[in-house]
Amino acid sequence: MGKYFGTDGFRGEANKDLTFEHAIKIGQYLGWYYGAREGKKAKVVIGKDTRRSSYMFEYALCTGLMATGADAYIMHVTTTPSVSYIARVDKFDCGIMISASHNPYYDNGIKIVNGNGEKMDEETLLLIEDYIDGKCEVPMAEKDAIGRTVDYVAGRNRYIGYLVSLAKYSFKDVKVGLDVANGAAWSIAKAVFDALGAQTFVMNNNPDGYNINTDCGSTHIEHLQKFVVDNGLDVGFAYDGDADRCLCVDEKGNVVTGDHIIYIYGLYLKEQDKLINNKVVTTVMSNFGLYKALDKVGIEYEQTKVGDKYVYENMVENGHRVGGEQSGHIIFTKYATTGDGILTSLKMMEVMLAKEKPLSELAAPVEFYPQVLKNVRVHSKPDAQNDPDVQAAVAKVGEELGTTGRILVRESGTEPVIRVMVEAPSEEICEKYVDGVIDVIKQKGHIAE
């Protein structure tokens with residue numbers, strides 16, 4: 001990770017950590033990098049979520065792009081995966097999404113994808129950071145080389161059409177609940193489900209610039225759970241602010257996580273002999289119960305670092321078809337280059353209708369193990385991680401748990417924090433082992449008070 005861009009873009013509080021000056025600079029560099037540097041006019045597509053500050057960043061990015069000769073195509077309020085899709089199919093040089101995903105309204109972010117709709121490579125992001133920090137200069141456009149903006153709401157409509165085209169079954173008579181988190185999916189998700197014939201019930205679809213993710217969406221799924229039960233719905237889907245993740249609620253009101261989704265769709269493909277390599281891709285934070293369920297049906301798996309970026313890289317490198325995170329970032333490489341919440345919900349509908357089973361029955365084989373995760377603020381993450389006594393304590397827990405659970409100790413990517421996580425048959429066992437390891441970290445003087 002660089003100085004500004006992390007695993008999911010440049011993110012922070014608007015006009016404090018991420019400013020309009022940053023946005024102008026990013027636009028200027030991209031406009032030159034894909035345009036004048038190569039002796040042509042760059043074309044860049046831009047989308048935004050419903051945060052009030054997204055308008056400011058949209059105009060700032062457009063200003064920067066036009067100043068160095070690029071044309072900025074504006075999709076307005078739309079989802080992150082839609083920008084990725086349109087950048088790829090309409091042959092843009094790159095795409096920009098303005099969103100801080102599941103963060104509160106006062107945060108915002110700038111996510112950049114390349115012309116293939118994939119997250120921008122780190123080398124290019126580091127070049128942008130150098131420009132932001134004044135380590136290099138780019139020429140401004142003059143006369144007829146100055147760029148323009150183009151209204152491109154047609155791109156959003158094209159994406160909606162694409163999603164509708166992927167459905168293999170009619171949703172007629174299926175009662176579906178959608179929590180669109182007062183975010184980017186608010187004008188898209190219902191249109192897709194309505195077009196496919198569902199009886200669509202929507203909540204949190206009145207964005208005002210300040211209520212995105214506020215007590216709603218995939219980070220507050222308890223409201224959708226009640227909504228599904230109270231209205232007698234067949235299934236519910238909750239998205240985050242930019243709709244690149246999806247969590248589900250079954251007809252009984254139970255939460256169906258990203259781990260469940262990976263199992264359900266992986267098994268569905270395997271039963272059709274379409275699960276390439278007979279593998280799914282997870283992160284190290286996937287629940288132990290998922291691996292137990294996969295073992296029972298003979299599906300293999302790979303683990304990556306936390307972050308859908310790493311999941312996607314593994315999938316592309318090895319040709320895998322489905323992978324993702326427990327949080328609901330699910331990637332279907334046959335259909336998309338990034339996590340897509342609405343696509344994920346369509347795929348769950350497909351399995352339900354193909355198998356003629358409710359979601360509760362499809363998810364039942366994945367029995368989640370109790371999990372306890374505690375964060376420890378330390379003086380030095382490497383010193384704490386590599387301490388022989390700490391490593392010995394972790395190894396001892398692993399030996400004692402055996403095949404009944406697991407322990408994971410990892411460094412935070414953004415804070416001076418070590419995360420200690422244990423999964424075991426009971427929460428009491430989890431607490432005991434997590435506290436035991438933390439005690440050793442404390443005894444060795446690594447904890448920062």
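N213 sits in the loop that links β9 to α7 (222-230); helices (H or I, at least four residues) and strands (E, at least two) are DSSP runs, numbered from the N terminus. The model is a predicted one, so to speak of local features a pLDDT of at least 70 is needed, side-chain atom pairs count only at pLDDT 80 or more, and totals for chains, interfaces and linings use all residues. Residues are numbered from 1 along each chain as its sequence is written, and side-chain values use heavy atoms, with hydrogens and water left out.

N213 has a phi near 65°, which is a positive value in a residue other than glycine. With a relative accessibility of 7%, N213 counts as buried (buried means under 20% relative accessible area, exposed over 50%, partly exposed in between, using a 1.4 Å probe and protein chains only). N277 also has a positive phi, near 70°, and is likewise not a glycine. Its place is the loop between α8 (258-271) and β13 (279-283). N277 is partly exposed, at a relative accessible area of 39%.

Now for the sheet. Five strands make up an open sheet with mixed pairing, in the order β9-β8-β10-β11-β12. At the edges stand β9 (199-203) and β12 (255-256), each with a single partner strand, so one side of each has no neighbour in the sheet. Two strands pair if DSSP finds at least two bridges between them. Strands of a sheet pair through backbone hydrogen bonds, either parallel or antiparallel. Strands β8 (residues 175-179) and β10 (residues 235-239) run parallel and are joined by four bridges; here L178 has F237 of β10 as its bridge partner.

Next, β11 and β12 pair in the antiparallel sense over two bridges, with V255 in β12 as the bridge partner of V249. Their hairpin has five residues between the strands, and G253 takes a positive phi near 95° there.

In a regular strand the side chains alternate between the two faces of the sheet. Strand β11 (residues 246-249) is covered on both faces: C246 and C248 on one side, and L247 and V249 on the other, are all buried.

Elsewhere, N114 belongs to strand β6 (residues 107-114) and counts as buried at 15% relative accessibility. A polar atom of the N114 side chain lies 2.8 Å from the backbone nitrogen of N116. Setting aside residues up to four places away in sequence, N114 touches A87, D93, C94, K119 and M120, where contact means heavy atoms within 4.5 Å.

Finally, there is R321, in the loop between α10 (308-318) and β15 (322-324). R321 is buried yet has no salt bridge, and E350, the nearest side chain of opposite charge, is 8.1 Å away. A salt bridge is a side-chain nitrogen of Lys or Arg within 4 Å of a carboxyl oxygen of Asp or Glu; for charge, Lys and Arg count as positive and Asp and Glu as negative, while His and the chain ends are not counted. What the R321 side chain does reach is the backbone oxygen of K274, at 3.3 Å. Beyond neighbours within four places in sequence, the contacts of R321 include L269, K274, I276 and M315.

Notes: Polar contact = N/O pair within 3.5 Å; in protein donor to acceptor, adjacent residues only side chain to side chain.
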